[in-house]
Amino acid sequence: MAQFVQPALNSPAHRRPLMPRVKRLATRTLLTISLIVIGLAFLLPFYWMVVSSLRPISEWYARPMPLILQSPTLENYILLFQRADFGRGALNTVFLCILTVMTQVFFCSLAGYTFAKLNFKGRNGLFIFILATMMIPSGVGMIPNFIIMSRLHWVDTYLPLVVPGIANAFGIFWMRQYCQSIPDELLDAARIDGCGEFGIFWRVVLPVIKPALASLAIFVFLATWNDFLSPLVFLRSPDKFTIQLWLSVVSRQANIFQPHLVMAGSVLSSIPILIVFATLQRYFMAGLTAGSLK
Amino acid sequence: MTAIPTTTGITHRPKPWWRNPYPYIFISPFYILFVLFGLGPIIFSLVVSMYDWRGVRPGDFIFLENYITLFKEPNFYKSLANTVYIWLGTVPVMIFLALVFAVLLNSKLVRWRGAFRTVYFLPVVTSLIITGLIFASLFSTSYGLANNILTHFGLEPVQWLSDSRYMKLILILAILWRWTGNDMVIMLAGLQSIPMEIYEAARVDGANEVQNFWHITVPLMIPVILFDLIISTIGTFNLFEEPYALFGGPGGGVRGAALVTGLYLYSNAFVNARFGFGSSIAWVLAAIIFALSMIQLKVGSRKIQ
């Protein structure tokens, strides 16, 4: 718990007497060790998830259960793939993610670009209104939304999971921030060439904002992939379940012993997320803080 | 707002909407959806909360009776008390840890900062259901890691997930694991706005790092801490997936020891299909969240001055 602002240890300009340097080295080592211990604590649940997924069914029943895996096996994963419902859940989730990503990226970038680059009456007021809607507590709308969806006969379809979020405040805000850096000359040139307003967006703007489109796509993908409450409320038939729903249903079947399947399923459903996160970490962290600081 | 300068230096007045409707067409999806699925449902929810609405069909208009029933319902107070307990166990701890981690992982004295940031942040991308399931497995009575360690040392296994003394504790642990990294990243972003010269000046005055933390970092980070505090408070009142997965459903486990407000709202609305009563819960919770946010903002802005 300290804020260190001194230049690097071996900077010649700041070479200091021996004792403080020893003290610094000691602090530094102690800090590194504590951070590693905390890091291991953060990793422990992941370790346990992976180990459990590789534990053969015989070891689950052994008492005391060996803490170190005796004979790791892939049999839980094979069992998982033999169950049609798991594959179905995975495919459903992928399908749902494609729907939400495509629609949200399109409509949010269209609106974000409009707020950033087009000139129209009431622009600022309309944009502030969008920001203000982010403060509204979402829980209040849940029950009436369910009533509306059931009147529309949308319950047990993916429509309630896709349509309301198509053009959302965060996405529009995110795309607007990025679109502000598009040079006006580019748009004016296209206008002089006789390009229509939508044509400018489709042919000129979209290609130059690809990085922002990609990062918005990541947020939408993660949010959809991990979402649980909306699928729980709106989906009914097991053949439409998403992976998260499948996991919770299988884990709740108390009369059947299948935590090995739950853990293997958890590992598999975390893998796409971790790959996306590992490759695009920079964009992800930037997005997390975009809402908080100006 | 009427004239916006372009980079070419020419200012032009926006055309009226009937001559250039495109901007309005391009932004219209948000407003249409907001009316249909945002504002509409919120107004509708106020109406629903005044009906004895069970299932899809509205029942009788009963005005404030749902609210009166709610305030007489012992389970509502239980869920509030549990939520406050979880709040006390998570939010202050999480904000302190997140700030400490952020300061450390922002300091040039620490090696492998990038790697530590990634590891501390990793739980944040894990799904909430999986978080609950992993902790349920760690603390399972028969095959959990915790009890295995206990029995290896010859101690009695503990009923972590069905003994009311421990249930909330496990939930608190799961929340701390899942969310601390989230707050840490927000704190890290906030730290970038503190000018280095302040620390330089303090160093010349002979202040040590712990003094710097309490007398420079914390006061200057109060706006960010406040932001974290408010979103974490809202999050605690909406807590749902973690206890759902940990205790096998929306009931909050044995004797509802982990029944938090999010579960209470869900089970009344969607398990018992009491839409009217459920809407009154949603409104009371929204009012509590709003009041708490206002208090935090008031106290916080006084601290900033």
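In the predicted model, 81 residues of chain A are in contact with 88 residues of chain B, two residues being in contact if their C-beta atoms, placed from the backbone, lie within 7 Å. Helix α1 (residues 18-54) of chain A supplies the largest share of the side of chain A that touches chain B, namely 11 residues; helices (H or I, at least four residues) and strands (E, at least two) are DSSP runs, numbered from the N terminus. By class, this side of chain A comprises 52 nonpolar, 22 polar and seven charged residues. Here Ala, Val, Leu, Ile, Met, Phe, Trp, Tyr, Cys and Pro count as nonpolar, Asp, Glu, Lys and Arg as charged, and the others, Gly among them, as polar. Residues are numbered from 1 along each chain as its sequence is written, while chains are lettered from A and ligands numbered from 1 in the order in which they are written. As the model is predicted, local features need pLDDT of at least 70 and side-chain atom pairs count only at pLDDT 80 or more, whereas totals for chains, interfaces and linings use all residues.

One contact between the chains involves helix α6 (residues 142-151) of chain A and helix α1 (residues 22-48) of chain B, which pack at an angle of about 105° with their axes 8 Å apart. Axes are lines fitted to C-alpha atoms, for helices over the stretch in contact, and angles run from 0 to 180 degrees between N-to-C directions. The two helices α6(A) and α1(B) are therefore roughly perpendicular to each other; angles of 65 to 115 degrees count as roughly perpendicular, under 35 as roughly parallel, over 145 as roughly antiparallel and the rest as oblique. From α6(A), the contact is made by A:Ile143, A:Pro144, A:Asn145 and A:Ile148, and from α1(B) by B:Phe37, B:Pro41, B:Phe44, B:Ser45 and B:Val48. Seven of these residues are nonpolar, two are polar and none is charged.

Helix α1 of chain B also holds B:Gly38. Beyond its neighbours within four places in sequence, B:Gly38 is in contact with A:Thr133, A:Ile136 and A:Gly141. B:Gly38 is partly exposed, with 19 other C-beta atoms within 10 Å; a residue is buried if 20 or more other C-beta atoms lie within 10 Å of its own, exposed if 12 or fewer, and partly exposed in between.

Within chain B, the axes of helix α10 (residues 222-237) and helix α13 (residues 275-304) come within 10 Å and cross at roughly 165°. Helices α10(B) and α13(B) are therefore roughly antiparallel to each other. Residues of α10(B), including B:Leu226, B:Leu229 and B:Ile230, meet residues of α13(B), including B:Leu285, B:Ile288 and B:Leu292. The contact of α10(B) with α13(B) has 12 nonpolar residues, four polar and one charged. In helix α8 (residues 196-204) of chain B, by comparison, the count of buried residues among nine is zero.

Backbone phi angles were also examined. Most residues other than glycine have a negative phi. A:Asp156, which is not a glycine, has a positive phi of about 70°. This residue lies in the loop between α6 and α7 (159-162) of chain A and is partly exposed, with 14 other C-beta atoms within 10 Å. B:Phe63, likewise not a glycine, has a positive phi of about 55°. B:Phe63 is placed in the loop between α1 and α2 (65-71) of chain B and counts as exposed, with 11 C-beta neighbours inside 10 Å.
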